[in-house]
Amino acid sequence: MSSTAPISPDIARAFAPAGVLRASINLGNPILANRDKASGEPVGVSIDLARALAGRLGLPIELVVFDKAAQSVDAVKNGAADIGFFAIDPARGEGLRFSAPYVLIEGSYLVPQGSALEHNEEVDRAGTRVAVGSGSAYDLFLTRELKRATIERVASAPAVLAALLAGQVEVAAGIRKLLEDWAQQHAALRLLPGRFMVIQQAMGLPADRGADAAAVLADFVEAMKASGFVADSLLRHGIAGGTVAPPSA
């Protein structure tokens with residue numbers, strides 16, 4: 001379907017049965033969303049995309065805001081929101097339909113300066129405790145990948161930092177840009193080089209909204225990447241930790 005083709009009322013109803021497009025927004029990932037320091041209102045690329053999609057569908061928008069990715073995912077799965085912005089992960093596939101990614105984000109490790117760890121592949125060893133935000137993309141990925149290290153799940157990104165500073169864990173896992181900021185703020189910490197994963201951030205909707213709605217969403221995401229909308233949004237919000245995903249094959 002062309003990104004400029006008229007949207008039928010049936011498609012708009014499939015997206016938003018109540019007549020208002022409810023967008024689930026995760027403030028736990030600062031690359032995607034944050035609160036404006038002056039107004040306190042949510043801002044970011046996910047909010048820009050939500051508003052643009054609502055305009056495309058001819059619907060009013062309602063932002064349903066959460067502090068954690070897992071809460072944001074559950075809201076869409078449970079019908080408390082109509083669309084969301086998620087990292088693509090097999091553990092989240094049930095009950096959701098994903099678009100192709102619109103932004104790619106690197107996941108990295110942070111360690112104390114005195115740590116013997118120098119490379120990402122060295123983290124997975126017995127006796128190493130890795131702090132992650134519970135239900136985050138890093139939690140889901142590392143739960144599958146780490147065979148010897150222990151995952152310590154905490155409530156939020158600030159709790160990940162607190163656990164590392166307190167010596168409760170040997171490694172913190174998270175968004176590379178956020179970890180870089182922590183390393184600059186705390187001379188006792190350093191970032192391991194490279195990355196352990198690339199997070200594919202996509203849009204999603206409940207699986208029961210139908211294939212036609214999913215196709216419109218997929219087309220919308222591709223159009224937003226190709227037009228420069230996503231790149232412009234990242235630049236406007238001063239986001240350096242995410243890159244625009246390539247066109248979907």
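Reader: Is T243 buried, partly exposed or exposed?

Author: Burial is read from relative accessible area: under 20% is buried, over 50% is exposed, and in between is partly exposed, with a 1.4 Å probe and protein chains only. T243 has 47% relative accessibility, so T243 counts as partly exposed. The model is predicted, so local features need pLDDT of at least 70 and side-chain atom pairs count only at pLDDT 80 or more, while totals for chains, interfaces and linings use all residues. Residues are numbered from 1 along each chain as its sequence is written, and side-chain values use heavy atoms, with hydrogens and water left out.

Reader: Where does T243 lie, and which residues is T243 in contact with?

Author: Helices (H or I, at least four residues) and strands (E, at least two) are DSSP runs, numbered from the N terminus. T243 belongs to strand β12, residues 242–244. Contact means heavy atoms within 4.5 Å. With neighbours within four places in sequence left aside, T243 is in contact with Y102, V103 and L104. The C-alpha atoms of T243 and G44 are 14 Å apart, and these two residues are separated by 199 residues along the chain.

Reader: How many aromatic pairs are there?

Author: Rings of Phe, Tyr and Trp (its six-membered ring) pair if their centres lie within 6.5 Å; planes under 30 degrees apart are stacked, over 60 edge-to-face, and the rest tilted. By this rule there are five aromatic pairs. One of them is F85 with Y102: the ring centres are 6.2 Å apart and the planes stand at 90°, so the pair is edge-to-face. This pair links distant parts of the chain, with F85 in strand β5 (residues 83–87) and Y102 in strand β6 (residues 96–112), 17 residues apart. F85 counts as buried at 5% relative accessibility, and Y102 is buried at 1%.

Reader: What are the distance and the angle between the planes for F86 and F98?

Author: F86 and F98 form an edge-to-face pair, 6.2 Å centre to centre, with 90° between the planes. The two residues are twelve apart and link distant parts of the chain, F86 lying in β5 and F98 in β6. F86 is buried, with a relative accessible area of 2%, whereas F98 counts as partly exposed at 26%. Elsewhere, one aromatic cluster is formed by Y109, Y138, F141 and F196.

Reader: Which residues of helix α4 are buried, and what do they pack against?

Author: Helix α4 covers residues 137–145, and A137, Y138, D139, L140 and L142 in this helix are buried. The buried residues of α4 pack against β5, β6, β7 (129–133), β8 (150–154), β9 (171–175) and β11.

Reader: Which residues do Q201 and P206 contact?

Author: Both residues can be read by the contact rule already given. Q201 is in strand β11 and is buried, with a relative accessible area of 4%. Not counting residues up to four places away in sequence, Q201 touches N29, L32, F85, F86, A87, P101, Y102, V103 and I105. P206 also lies in β11, which spans residues 197–206, and counts as buried at 5% relative accessibility. Leaving aside neighbours within four places in sequence, the contacts of P206 are V76, A81, D82, G95 and L96. The C-alpha atoms of P206 and I83 are separated by 7.4 Å, with the two residues 123 apart along the chain.

Reader: At what angle do helices α2 and α8 pack?

Author: Two packed helices are described by the angle between their axes and the distance between the axes. Axes are lines fitted to C-alpha atoms, for helices over the stretch in contact, and angles run from 0 to 180 degrees between N-to-C directions. Helix α2 (residues 45–57) and helix α8 (residues 229–236) pack at about 135°, with axes 9 Å apart. Angles under 35 degrees are roughly parallel, over 145 roughly antiparallel, 65 to 115 roughly perpendicular, and the rest oblique. The two helices, α2 and α8, are therefore oblique to each other. The residues that meet are V45, D48, L49 and A52 in α2 and F229, V230, S233, L234 and R236 in α8. They divide into six nonpolar, one polar and two charged, where Ala, Val, Leu, Ile, Met, Phe, Trp, Tyr, Cys and Pro count as nonpolar, Asp, Glu, Lys and Arg as charged, and the others, Gly among them, as polar.

Reader: Which residues make the contact of α2 with α7?

Author: The axes of α2 and helix α7 (residues 211–226) come within 11 Å and cross at roughly 120°, and α2 and α7 are therefore oblique to each other. L49, A52 and L53 of α2 make the contact with L217, F220 and M224 of α7. This contact has six nonpolar, no polar and no charged residues.
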